[in-house]
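Please keep in mind throughout that the model is a predicted one.

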Amino acid sequence: MKLLSKHLRLAATDLSNHLACRHVTTLDLSVARSERTAPKWEAPDLAVIQELGRRHEAAYLNHLREQGWSFVNLAEIKDEQRSIAETLSSMERGVDVIAQGTLAHDRWFGQPDVLRKVMTQPSRFGDWSYEVYDCKLTRETKAATLLQLALYSELLAKAQDAEPEEMHVVPGGANFQPEPYRCDEFAAYYRHVKAQLEDVSDNGKVDRTYPEPCTHCDVCRWFRECDARRRGDDHLSLVAGVTKLQRAQLIEWQTETMAKLAVLPIPLNRKPRHGSKDAIERVGEQARVQVEARTLDKLVHELLDVAENTGFCSLPAPSPRDVFVDLEGDPFAGASGQEYLFGFVVQDESGKLRYHKQWCLTPDEEKRAFEWLIDEVMKRWAADPAMHLYHFGGYERTHLRNLTLRYITREAEIDRMLRAHLFIDLHTIFKQAVRAGVEEYSLKKLEAFHKFERTVPLEQSRAAMRHIEHWLELARGDELRKEDQRVMEGYNEDDCRSTASLRDWLEIQRQDKERAGKTIPRPSIEDGAPSEQVDERQKRVAALVAQLLESLPANPSDRSDEQSARWMLAQLLDWHRREDKVEQWQYFHFAEMDDDSLMEERPTLGGLQFVRRTAKGSTLPVDTYSFPPQETDVHAGDKVATETSRSARWNRSISQN
Ligand code: SF4
């Protein structure tokens, strides 16, 4: 966004920023009008993202050059008007590929990565016209990318006097197979967002926006300013666990601050339009302890009522063979992310916690580290059927499941661990058992309660983590810095020990509750063994898969054609069962969530209330449920599954009414 001789010039980034957060437009507009200066901050990962983007684009351009097509690259032309003129002249001459051209119309300006000639429709230049190709590294095409492409396509339509039919995303990967999108399918959406942005720019409706927190905040240069404003306003988003929907309801009730929410009379004497009554009461209680903590300037926590199958009731009895695990991973490394450090702590013979770790900087090492961890857990489980695998948050369980699918190894073990509920997520248990006066229930923020002291300062570990992740993402050939590895090992060990310390603290709280006269059952110990028939089949499949994968490199680009074919065959063995498994895992994951979390997830419905059961003649009875308004992908007629107890069977499904 730039003010050029009293006219605001807008570009594709303004469109995607506006889509991510209206308040960015407000702030950027005030910079363009010289009403304030922009902060100097840049997302620390930006340089790497840009470098990866440049590499991807250069590789795609090379690929196009190799096809023998006529080609111009206008990247060197820095003067905007000259670049526009050169782009038009190249189109007029019918050049096959135009890289880094410039298009402009009215107040809008854009630089698509590539314009490619198509012969499907004529333009003012002749029998040919052009379509837009943009290189993107993200695995999924986002709305912002489509808006950007739609803008380029509109500018292109003006330049060539012909509407392009398609616009294309060129994803990362070896074959550069573009993904086409029909321009007219996205035109209405594009026009809507564009008109909104133009309206804001023209009519100065900017003061009405508020810095509502969103995912873009993590990479936004305005974060400090917005965070300070929210704190100054005692904004509701500072209440741990509050959702957007709940905030909307509370604002409707003129409860716009944490302090006001803290004194909201509970039980509520009215029914919310957004969100469930219980959930709003819960955030009200949360605001109360947070306000108490900040007023008294001390740690405040309360133990919640004991509820079947949740909180303290899902905390197993400690075992000397328990494992406390933590993985460090980078979702942007390689083609599908990479775990680079596996760590866990376990008790030794003297009862002291010992840290064990394996670094894995290549796919082969990642596979070995995964097998090493699972084998260790299985060994300890065989020695004590009452042991568990503790972690904080969903990351470890999700990624261990993904690794078993990626490398087709230790499938039976992971299946059995999941069936036996061996994974214990202390984040979920803490949320269900304790109300704490903190803004977020993160592992680090909770350490004050169990008095855990880290050996590695977080600032130091953040820097080391960034170095390692950038090293992995850029696939640098040099040696990883020993100092960064040392710091990350310390950080990973701290996380494992902190998880163990939190479990011990929860155990003490549980005992206090028992001493106060509460009966708190433990979860049952299950062995998760499959039926004999399934076990026999799994063993046969595992033996065949092992034969096919023997001595195969884990990294796809290191495999010969024959090895790739063997890998494909191994994937095809039991393919359908593996596909079903992903769905089952997701089901069990959702089944363990509370209502608030379910309401935040799009594939699920939270706050289900049983209404009635109707039986017509000899047909099966139909159960009717109601639920509070929420954003969801569940539609009438979809087949859904309910979970009322941990032992509910996967295949118990009901028809939705
Ligand atoms: S920090 Fe967040 S709220 Fe503020 S402008 Fe950026 S994205 Fe919007």
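1. I begin with two aromatic residues, Tyr60 and Phe176, both of which are buried. Their rings form an aromatic pair of the tilted kind, with 5.7 Å from centre to centre and 45 degrees between the planes. The pair links distant parts of the chain, since Tyr60 belongs to helix α3 (residues 46–66) while Phe176 sits in the loop between β9 (166–171) and β10 (179–182), 116 residues apart.

2. A second pair is made by Tyr340 and Trp359, whose ring centres are 6.1 Å apart and whose planes meet at 20 degrees, so this pair counts as stacked. Here too distant parts of the chain are linked, with Tyr340 in strand β13 and Trp359 in strand β14 (residues 353–359), 19 residues apart. Both Tyr340 and Trp359 are buried. Elsewhere, Phe430, Tyr441, Phe449 and Trp505 form one aromatic cluster, and the count of aromatic pairs comes to nine.

3. Which strands make up the open sheet of four, and in what order? The order is β1-β2-β6-β5, with mixed pairing; the edge strands, each pairing on one side only, are β1 (2–4) and β5 (103–105). From one strand to the next, the twist averages 25 degrees. Strands β2 (residues 7–11) and β6 (residues 108–110) run in the parallel sense and pair over two bridges, and Phe109 in β6 is the bridge partner of Ala11.

4. Two helices pack on this sheet. Helix α1 (residues 12–20) touches β2 and β6, and its direction makes about 80 degrees with that of β2. Helix α5 (residues 143–160) touches β2, β5 and β6, its direction making about 75 degrees with that of β5.

5. Arg9 lies over the face of Phe109, at 4.0 Å from the ring centre, and Arg503 lies over the face of Tyr390, at 5.0 Å from the ring centre.

6. In helix α13 (residues 411–419), the residues Glu411, Ile414, Asp415, Met417 and Leu418 are buried. Viewed down the axis of α13, these buried residues fall within an arc of 165 degrees, so they line one face of the helix. They pack against several elements, including α11 (363–383), α12 (395–407) and α18 (532–549). After α13 comes His421, whose phi is positive, near 55 degrees.

7. Finally, Ala333 lies in the loop between β12 (323–330) and β13 (338–347), and it counts as buried because its relative accessibility is 3%. The C-alpha atoms of Ala333 and Leu361 are separated by 10.0 Å, the two residues being 28 apart along the chain.

How values were computed:
Residues are numbered from 1 along each chain as its sequence is written. This is a predicted model: local features need pLDDT of at least 70, side-chain atom pairs count only at pLDDT 80 or more; totals for chains, interfaces and linings use all residues. Side-chain values use heavy atoms; hydrogens and water are left out. Buried means under 20% relative accessible area, exposed over 50%, partly exposed in between (1.4 Å probe, protein chains only). The arc is that of the directions from the helix axis to the C-beta atoms. Contact means heavy atoms within 4.5 Å. Two strands pair if DSSP finds at least two bridges between them. Axes are lines fitted to C-alpha atoms, for helices over the stretch in contact, and angles run from 0 to 180 degrees between N-to-C directions. Rings of Phe, Tyr and Trp (its six-membered ring) pair if their centres lie within 6.5 Å; planes under 30 degrees apart count as stacked, over 60 as edge-to-face and the rest as tilted. A charge sits over a ring if NZ of Lys or CZ of Arg is within 6 Å of the ring centre and within 35 degrees of the ring normal.
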